[in-house]
Amino acid sequence: MAAERLVVVLGAGINGAAIARELVLSGVGVVVVDADDAGGGATAWSTRLVHGGLRYLEYGEIGLVRESLAERDRLVRLAPHLVRPLPFLLPARGRTGGLLAAAARLAGLESLARRWRGSRGRGLWAVSAGLTLYDLLATGAGWPRHRTMRTGAAPLPRVDAAAFPFAAIYADAQMLFPERFTVELLVDARRLAAEAGTRFEVLTHHAVRPTGGGRLLAAPADAAGGRGDAAAVELRPDAIVNATGAWVDRTLDAVLPAGDPAGRRRLIGGTKGSHLVLRTTALRAALADHGVYAEAADGRPVFVLPFGPALVLVGTTDIPFAGDPATARADDEEIDYLLAAVGLLFPQVAVSRGDVQQHYCGVRPLPSTAPGAGGGQPAGITRRHLLVRQPDAPLPCWSVVGGKLTTCRSLAEQVAAEVLPAVGLAVRGTTRDRPLPGACAGPSRATAVAEAVAGGLRAGLSPPAAERTGERLVAIFGARAGAVWRHCDDPIDGTLLEGTDLPAAAVRHCVDEEWAATVDDVVCRRLMLSFDERLGRGTIRDVAAALVRAGRLRADRAAAAADACAESLGRRHGRTLRPAAAAGYHDRP
Ligand SMILES: Cc1cc2nc3c(=O)[nH]c(=O)nc-3n(C[C@H](O)[C@H](O)[C@H](O)COP(=O)(O)OP(=O)(O)OC[C@H]3O[C@@H](n4cnc5c(N)ncnc54)[C@H](O)[C@@H]3O)c2cc1C
């Protein structure tokens, strides 16, 4: 029997995870290695939209928009628990305006387009022309066509009708938690590999270096507060896919030192984009469960989005960034810029710094371009993804450049079509119609909630608490929510993490089933507690205590690991946490 082929995927962002899943489907062994956690790069720091990219039409990117719209439809069907249609309002200051600028942009004359944009932005006719094309390119049933109207009509988002008398309504979709979507891609890949009997491993918090002869060593990083007993893994891949996003060039320098890093063509020219998470009841109510897509004072696109029932997400900026992507932060100027953009749209709400619950910033892995490309504007750089084969690698090695949340699956298909033949295999399947493991909607969602509620009642929660917990578990784990209660060996696992509706058993589930290794992994990317307005120091200590019980964290390091997570939320994201309650269970042995 021929030896199993192995592809190493570097990077467990949404693209690396989607690629791993697509490859596994065709019977190749896959090891995914991430220097940090799954879904912690640009995937987490995005605007969380699954969209065709209306704006790209002006840049003539018809193919990208068509592909994105087809994927939008698929992701809503295949992951309805995580990707949901969202109606958008696009306000306009007048009827005319923007048509000449759009034509200039389409002709590649960005500087002229900016000159012609004027102070009033795109008018209703320009917007409507773009949306008509958007509607025509869209595939799938149930996507309503756009309509135009006067802004004063209820129950639309209450944008300033005096400044923006006209509006268009159209639909796109929102992926509330791309972090969770990424993990589910990996869970599905593991399931596929188990069915096929092929190798599949995910090594998070591991650094990769070459050891010669095309071999790699993945060595565990001493992730803050980790168990510290994981062994290094030697890998003998037949091919490598470098899906490390904005880190692509740094990764190549680390894994291909035999080449000449100085002479190697740089692939990424990243731009940073910041977001605000606002906690303001008035603004959340004014949105009326719509997203708003508008132009900031400088003409850049800005999104104001409902983010769960209580929060509002605002983004984003677009600023060239050449540093380590892990160090990108939302600066004061960006925070003021985004607040000003919201102020233009909703002057009656008067948002201020005090409404910012937290902020975040990510680096777009855009292709490196010649100076002046895209009209000298970051917004003009193509959002298409590219797959670049490395000429100086000792074994077949490709790097993924660019990509969007929206196109992760179609990108993965393209990567599989290129990589599999290079390792002597054929494409044997596609994920086009394969739901994610947690997929549920309508009656199947109701069943998932009922199962999760029953688990809570068995664990001793009161009926109202079990209801709230069941809903929250399904929001996070979809159809897999009921399985969380299997991790309830100790009665303490049935108790709720301080201030939340999630049981400690969920932490164990994330460790056993979803590769969670650190307090930060659980808080920020598995249980999505980092965005929960009730998150407090006690919650984080409870997570650390559950990690100790799960054998993932040494007891003598638990307090320090919890403090490090709390401190990082404050330093990186400006998040203030509630103090711990006096007698949380985290204080018990
Ligand atoms: C501000 C902003 C807004 C965006 N908004 C949207 C949007 O609304 N909709 C949309 O469709 N797209 C959006 N995008 C684009 C999208 O988020 C990204 O293109 C996508 O998440 C990239 O995923 P990735 O897996 O390629 O990279 P990442 O998510 O960055 O993952 C790369 C991974 O590689 C790991 N890594 C780094 N170095 C190494 C190494 N040496 N070895 C192993 N692992 C390593 C990192 O830890 C990380 O986990 C946005 C992007 C940004 C930045």
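**Ligand site, cavities and local geometry**

Strand S17, helix H14 (519-526) and helix H16 each supply at least two residues of the lining of the largest cavity. Helices (H or I, at least four residues) and strands (E, at least two) are DSSP runs, numbered from the N terminus. The structure is a predicted model, in which local features need pLDDT of at least 70, side-chain atom pairs count only at pLDDT 80 or more, and totals for chains, interfaces and linings use all residues. Residues are numbered from 1 along each chain as its sequence is written, and side-chain values use heavy atoms, with hydrogens and water left out.

Cavities and pockets were found on a 1 Å grid over the protein atoms alone. A cavity is a set of points where a 1.4 Å probe fits but cannot get out. A pocket is an open set with protein on both sides within 12 Å along at least five of seven lines. Lining residues have an atom within 4 Å of a point. Grid points are joined across faces, edges and corners, and a volume is the space filled by probe spheres set on the points. By this rule there are 4 cavities of 30 Å³ or more.

The largest cavity holds about 80 Å³. S17 gives the most to its lining, with 3 residues. Among the lining residues are Trp45, Gln358, His359, Tyr360, Cys524, Arg525, Leu569 and His573. By class, 6 are nonpolar, 4 polar and 2 charged. Here Ala, Val, Leu, Ile, Met, Phe, Trp, Tyr, Cys and Pro count as nonpolar, Asp, Glu, Lys and Arg as charged, and the others, Gly among them, as polar.

The second largest cavity holds about 60 Å³. Helix H2 (62-78) and helix H6 (178-196) each supply at least two residues of its lining. Arg21, Leu75, Phe181, Arg409 and Arg434 are among the residues that line this cavity. The lining has 6 nonpolar, 1 polar and 3 charged residues.

The ligand is surrounded by 35 residues, and the closest are Asp34, Thr43, Leu49, Gly403 and Thr406. Helix H1 (14-24), strand S12 (271-278) and strand S17 (356-364) each supply at least two residues of the shell. The shell comprises 11 nonpolar, 18 polar and 6 charged residues. For Thr406, the distance from a side-chain N or O atom to a ligand oxygen is 2.8 Å. A ligand nitrogen lies 3.1 Å from a polar backbone atom of Ala35. Taken alone, the ligand exposes 1,000 Å², and the protein buries 93% of that. Accessible areas come from the Shrake-Rupley method with a 1.4 Å probe; for residues, only the protein chains shown count as cover.

H1 is mostly covered, with 11 of its 11 residues buried. Buried means under 20% relative accessible area, exposed over 50%, and partly exposed in between (1.4 Å probe, protein chains only). The buried residues of H1 include Asn15, Arg21 and Glu22.

The second largest pocket has a volume of about 720 Å³. It is lined by 27 residues, of which Leu176, Phe307, Gly308, Pro309 and Arg472 lie nearest its centre. Strand S4 (83-92), strand S14 (301-307) and helix H12 (463-477) each supply at least two lining residues. H12 provides the largest share, 4 residues. The lining has 13 nonpolar, 3 polar and 11 charged residues.

Several single residues complete the picture. Arg364 is found in S17. Arg364 is buried, with a relative accessible area of 18%. A polar contact of 3.0 Å joins its side chain to that of Asp318. A polar contact is a pair of N or O atoms within 3.5 Å; within protein, one must be able to donate a hydrogen and the other to accept it, and residues adjacent in sequence count only if both atoms are side-chain atoms. Glu567 is in helix H16 (residues 558-573). Glu567 is partly exposed, at 43%. Glu567 and Arg537 are 30 residues apart in sequence and 9.9 Å apart in space, C-alpha to C-alpha.

A cis peptide bond joins Gly315 and Thr316, with omega about 10°. Thr316 lies in the loop between strand S15 (311-315) and strand S16 (319-320). Arg48, which is not a glycine, has a positive phi near 65°. Arg48 sits in the loop between strand S2 (29-33) and strand S3 (49-50), and is buried, with a relative accessible area of 0%. Asp289 has a positive phi of about 55°, although it is not a glycine. Asp289 lies in the loop between helix H8 (281-287) and strand S13 (291-295), and is partly exposed, at 47%.

Conventions
A residue is near a molecule or strand if one of its heavy atoms lies within 4 Å of it.
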